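Here is a short briefing on one protein chain. Look over the sequence and the fold first, then work through the points by topic.

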Amino acid sequence: MDTIADFLTRIRNASLAKHKILEVSFSKIKEEISKVLFQNGYILGYKIIENKKFIKIALKYCEKETSVIQKIIRVSKPGLRKYCKYKNIPRVLNGLGIAIISTSYGVITDKQAKKKKIGGEILCYVY
């Protein structure tokens, strides 16, 4: 089972249902993705609870109607991994969105990867 795809689907479904708080099971990769989403302003915050069993995520909305996360798309899948060099990192929505990339320096955005000149596995696109 693809836990990252499940995590992204839970975020997508919670934002469409206009939930304020989402609770998912803990893993380090989910924590790192949540950290990147928080740093880029896509969620209000996240908190690890109960001895690293769950992550609570506070979703962010514009004018209490539309979610800040319009789309969150899984790119690299267990059956077909998508890797790229830093020169070939795609621009998401012409630079308005972000690509979350797993690198040897951790999980970072596409802009940070280009700045550090490192490539990696493209996990998802967010806009």
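**Cysteines**

The sulfur of Cys124 lies 13 Å from the closest cysteine sulfur, which belongs to Cys84, and that is too far for a bond. Keep in mind that this is a predicted model.

*More on the cysteines*

- How many disulfides does the structure hold? The count is zero.
- A disulfide needs two cysteine sulfur atoms within 2.5 Å.
- Is Cys124 buried or exposed? Cys124 is buried, with a relative accessible area of 0%.
- Cys62 is partly exposed, and its relative accessible area is 37%.

*Overall fold*

- The protein chain has three helices and 10 strands.
- In sequence order, the pattern runs α-β-α-β-β-β-β-β-β-β-β-α-β.
- What radius of gyration does the protein chain have? The value is 14 Å. A compact globule with 127 residues would have one near 14 Å, so the two agree.
- Along the principal axes, the C-alpha atoms fill a box of roughly 40 × 35 × 25 Å.
- Buried residues make up 39% of the 127 in the protein chain.
- Take the contacts between residues at least 6 apart in sequence: 61% of them join residues at least 24 apart.
- The protein chain exposes about 7800 Å². Carbon and sulfur atoms supply 52% of that area.

*Nonpolar cores*

- The largest nonpolar core has 24 residues.
- Which residues have the most contacts inside this core? They are Ile33, Leu37, Ile57, Ile100 and Val126.
- The element that gives the most is α1, with five residues.
- A second, separate core has eight residues, including Val75, Cys84, Ile108 and Ile118.
- Leu37, from the largest core, is in contact with Ile11, Tyr42, Ile43, Ile100 and Val126, leaving aside neighbours within four places in sequence.

*Pro90*

- Where is Pro90 found? Pro90 sits in the loop between β7 (83-84) and β8.
- Pro90 counts as partly exposed, at 26% relative accessibility.
- Not counting residues up to four places away in sequence, Pro90 touches Cys84, Asp110, Ile122 and Tyr125.
- Pro90 and Cys124 are 34 residues apart in sequence. In space, C-alpha to C-alpha, they are 11 Å apart.

*The aromatic pair*

- A search of the whole structure finds one aromatic pair.
- The pair is formed by Phe38 and Tyr46, whose ring centres are 6.3 Å apart.
- Why is the pair edge-to-face? The ring planes stand at 75 degrees, and planes over 60 degrees apart count as edge-to-face.
- Phe38 is partly exposed, with a relative accessible area of 39%.
- Tyr46 is partly exposed too, with a relative accessible area of 27%.

How values were computed:
Residues are numbered from 1 along each chain as its sequence is written. This is a predicted model: local features need pLDDT of at least 70, side-chain atom pairs count only at pLDDT 80 or more; totals for chains, interfaces and linings use all residues. Side-chain values use heavy atoms; hydrogens and water are left out. Rings of Phe, Tyr and Trp (its six-membered ring) pair if their centres lie within 6.5 Å; planes under 30 degrees apart count as stacked, over 60 as edge-to-face and the rest as tilted. Buried means under 20% relative accessible area, exposed over 50%, partly exposed in between (1.4 Å probe, protein chains only). A nonpolar core is a set of buried Ala, Val, Leu, Ile, Met, Phe, Trp, Tyr and Cys residues joined through side-chain atoms within 4.5 Å. Helices (H or I, at least four residues) and strands (E, at least two) are DSSP runs, numbered from the N terminus. Contact means heavy atoms within 4.5 Å. The radius of gyration is taken over C-alpha atoms; the globule rule is 2.2 Å times the number of residues to the power 0.38. Accessible areas come from the Shrake-Rupley method with a 1.4 Å probe; for residues, only the protein chains shown count as cover.
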